[in-house]
Amino acid sequence: MADVAQNNRRIARNTALLYVRMFITLAVTLYTSRIVLEKLGVVDFGINNVVAGMVSMFTFLNGTLASGTQRFITFALGEGDTGKLGVTFSTTLIIHLVLSVIIGLAILISGLYFLDGRLVIPAERMDAAYWVFYCSVITVVLNITQVPYMASIIAHEDMGVYAYMSIFDAWRSSAWPTLWSSTTYD
């Protein structure tokens, strides 16, 4: 009976942490999007959204990859075999590293074609577009390599760490465009 009560407390705690994560992420995103628009201006904000959005299309894979990875890690946890758990995590990490390189190269090739041949951007803002593009590619590659770690956190049901990392990720992804806005190209 004590085990059921402990499980119920863990479920309630994890649910509360995920709700707090959702509200903080929503607040951060709403607040920073206003600031980013103000700092970047309409043209740079549009460049940021088009270029980063083009690269972000490839992040739909993260959810699928995380689900598959989490399944195998959870299965190894359920068996109680720490050796198999280590091998499973190492294998998924290597697979995600190789996959991130392949996807990164594919994004670079297709994205540079898109930037150079299809996208209409003022000539004086092309440097900014390239910076956004390269930073977005690096972000996608790093996000793919972090999938095994996040899947492991979820498989271990440590939603506190997951919530904190998601809040940091929301702040980071919302605030980084203002870093290059201080550079002027007159």
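Two salt bridges, each defined as a side-chain nitrogen of Lys or Arg within 4 Å of a carboxyl oxygen of Asp or Glu, are held by the structure. The structure is a predicted model, in which local features need pLDDT of at least 70 and side-chain atom pairs count only at pLDDT 80 or more, whereas totals for chains, interfaces and linings use all residues. Residues are numbered from 1 along each chain as its sequence is written, and side-chain values use heavy atoms, with hydrogens and water left out.

In one of these salt bridges, the side chains of Arg125 and Asp44 meet at 2.7 Å, N to O. This pair links distant parts of the chain, 81 residues apart, with Arg125 in the loop between helix H3 (82-118) and helix H4 (126-145) and Asp44 in helix H1 (residues 2-56); helices here are DSSP runs (H or I, at least four residues), numbered from the N terminus. Both Arg125 and Asp44 are buried, that is, under 20% relative accessible area with a 1.4 Å probe and protein chains only, where exposed means over 50% and partly exposed lies in between.

A salt bridge also joins the side chains of Lys84 and Glu79, at 3.0 Å, N to O. Lys84 is partly exposed, with a relative accessible area of 32%, and Glu79 is likewise partly exposed, at 42%.

Helix H5, which spans residues 147-155, is mostly covered, with seven of its nine residues buried. These buried residues are Val147, Pro148, Met150, Ala151, Ser152, Ile153 and Ala155. After H5 comes Glu157, whose phi is positive, near 60°.

Terms used
Helices (H or I, at least four residues) and strands (E, at least two) are DSSP runs, numbered from the N terminus.
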